[in-house]
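Please report on the fold of this chain. Cover its strand pairing, its cores and a few individual residues.

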Amino acid sequence: MNDRNNDKKLKRQKTFFLDRFPYVIFIIIIGLALIIFFSVKSKLPLNFFSNNTATSTQENTFNLLIASPTKNQSFEFVSTNETVPIEIKGKNIEDNNYKINIYINDSLAKTLAASPFKFNWSPPQTGTYDIYAEVTDDADKVIYTSEKVSFDVNIKGDSLTESTTPVNVNIEEKKNKVLENSNYRSQNGSAVFSLKCYSPPVIDGNLDDWNLYDKFTFFTPTILKENYTNVNDVSGVFSSCWDDDNYYFFIKVTDDVYNQPYNTNQINKGDCVVFVIDTNLENDFNIPFLNGDDYQIEFSAGNNSGSSPESFIRWPSNTTSKGTILASKKGSGGYTIEGSIPWYEMPSITAADELVMGFTVSIMDTDNLESTELVISSSKQFDFNNVTTLGTLVLIDAGDLQKENESSSTTQTTTGQ
Ligand SMILES: [Ca+2]
Ligand SMILES: [Ca+2]
Ligand SMILES: [Ca+2]
Ligand SMILES: [Ca+2]
């Protein structure tokens with residue numbers, strides 16, 4: 001009985017194996033085929049199977065978009081003091097050390113190497129402009145080009161000279177060259193450029209002699225930034241220039257409530273403007289504290305009772321700045337301060353073309369309280385106790401702009417109405 005049963009079992013097992021034998025063979029063949037395929041895959045000529053698609057996938061992960069101006073946007077300006085805000089948004093650009101070249105009407109307007117990829121562009125005259133941007137790699141090879149965006153600028157210029165300020169490509173190239181050749185804190189935001197002036201601005205609080213100079217507007221809330229509401233709360237336009245004697249500046253501050261109850265060494269608690277300068281950027285690159293070659297200078301447009309504008313050198317001397325000349329204007333929506341600081345007040349600086357310094361200009365806002373409520377700065381982060389948060393100031397000598405502007409304005413006509 002048992003033997004017969006065993007025989008049956010054995011027979012069933014044999015049948016079971018024989019029945020499935022073709023399947024087993026089939027699975028073994030597929031398995032071998034896969035092993036062979038993967039081992040020779042990289043040698044196959046077909047792109048589809050090889051890794052050659054990697055480069056195009058990488059390119060596709062770039063994205064470059066003109067965020068400002070928008071398509072067919074129209075700008076109505078009253079003078080060439082006003083600028084078109086240019087902002088490029090990119091994907092995977094920063095991580096790779098790439099640069100963005102921005103072309104307006106097919107000529108290079110700006111090269112940006114660090115985010116934010118934005119700047120203010122001064123349109124030379126009324127007209128329609130095309131803008132596009134391209135990404136270049138370390139070898140200056142163009143690896144991505146954005147779409148072209150058209151926009152209109154209408155300058156209702158009231159004088160010939162105002163509406164014909166040319167965009168000077170040479171100056172832009174020089175700025176880029178200086179930044180490329182220097183060690184500066186690009187991660188802390190756009191550099192502030194100061195052009196040499198061949199006839200100094202009149203210190204009277206009026207903007208009219210600042211047409212030719214760069215305007216810096218990218219102020220970011222940095223200290224007590226949770227109190228920031230909008231551009232009317234506090235924002236600013238900063239411009240500066242220099243000659244062998246002085247550093248000149250103009251700042252137009254928009255501030256909904258002017259509140260400066262203080263004078264002299266307390267002006268930093270009310271509405272005021274502060275420069276922090278590290279004159280030995282190269283050697284102090286990683287030193288967080290202020291040392292002997294640094295300056296912190298504060299400026300007030302005058303107190304609430306109408307005292308004169310004043311400045312205070314908080315560091316290193318803790319004294320008023322006697323040589324500084326200031327003029328200010330206060331209005332309902334803010335104030336302006338125009339000033340000249342003699343270089344002898346900052347003896348660590350030897351003013352020269354292409355000098356690169358650590359620098360942040362901050363606007364301190366006090367509206368209703370008795371001390372500072374909010375600070376906006378020209379660098380992305382700012383901390384009075386940390387010099388490594390400073391942005392960059394570059395002195396540039398680009399020749400006599402006034403003279404160049406006058407000679408070019410005689411050959412150009414304004415189309416503003
Ligand atoms: Ca002036
Ligand atoms: Ca305010
Ligand atoms: Ca220093
Ligand atoms: Ca205020």
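E3 and E6 run antiparallel and are joined by four bridges. Strands pair if DSSP finds at least two bridges between them. Strands (E, at least two residues) and helices (H or I, at least four) are DSSP runs, numbered from the N terminus. Within this pair, Ile86 stands opposite Phe119 in E6.

E1 is joined to strand E3 (residues 84-91) by five bridges, and these two also run antiparallel. Ile66 faces Ile88 of E3 as its opposite residue. Leu65 stands opposite Lys89 in E3. In a regular strand, side chains alternate between the two faces of the sheet.

Together the strands form an open sheet of three, ordered E1-E3-E6, with antiparallel pairing. Its edge strands are E1 (63-68) and E6 (118-121), each pairing on one side only. On average, neighbouring strands of this sheet are turned by 25° against each other, direction ignored. Axes here are lines fitted to C-alpha atoms, for helices over the stretch in contact; angles run from 0 to 180 degrees between N-to-C directions.

## Basis of the model

This is a predicted model: local features need pLDDT of at least 70, side-chain atom pairs count only at pLDDT 80 or more, and totals for chains, interfaces and linings use all residues. Residues are numbered from 1 along each chain as its sequence is written, while chains are lettered from A and ligands numbered from 1 in the order in which they are written.

## The chain overall

The chain has four helices and 22 strands. It holds 417 residues, and 33% of them are buried. Buried means that 20 or more other C-beta atoms lie within 10 Å of the residue's own; exposed means 12 or fewer, and partly exposed is in between, with C-beta atoms placed from the backbone.

Take the contacts between residues at least 6 apart in sequence: 69% join residues at least 24 apart. Two residues are in contact if their C-beta atoms, placed from the backbone, lie within 7 Å.

## Pairing around E9

Strand E9 (residues 149-155) pairs with strand E2 (residues 73-77) in the parallel sense, over five bridges. Ser74 has Asp152 in E9 as its bridge partner.

E9 also pairs with strand E7 (residues 127-136). Five bridges join these two, which run antiparallel. Thr128 stands opposite Asp152 in E9.

## Two nonpolar cores

A nonpolar core is a set of buried Ala, Val, Leu, Ile, Met, Phe, Trp, Tyr and Cys residues joined through C-beta atoms within 7 Å. The largest one has 59 residues. Ile251, Val273, Phe275, Ile277, Ile337, Phe359 and Ile363 touch the most other members. Beyond four places in sequence, Phe275 is in contact with Ile297, Phe359 and Val361.

A second, separate core has 15 residues, including Leu64, Ile66, Ile104 and Phe119.

## Two buried residues

Val234 lies in strand E12 (residues 234-242). It counts as buried because 27 other C-beta atoms lie within 10 Å. Beyond four places in sequence, its contacts include Val253, Ile363 and Leu374. Val257 is 23 residues from Val234 in sequence and 9.1 Å away, C-alpha to C-alpha.

Ala301 sits in the loop between strand E15 (294-300) and strand E16 (310-315). Is Ala301 buried or exposed? Ala301 is buried, because it has 28 C-beta neighbours inside 10 Å. Not counting residues up to four places away, Ala301 touches Gln260, Pro309, Ser328, Lys330, Tyr335 and Ile337.
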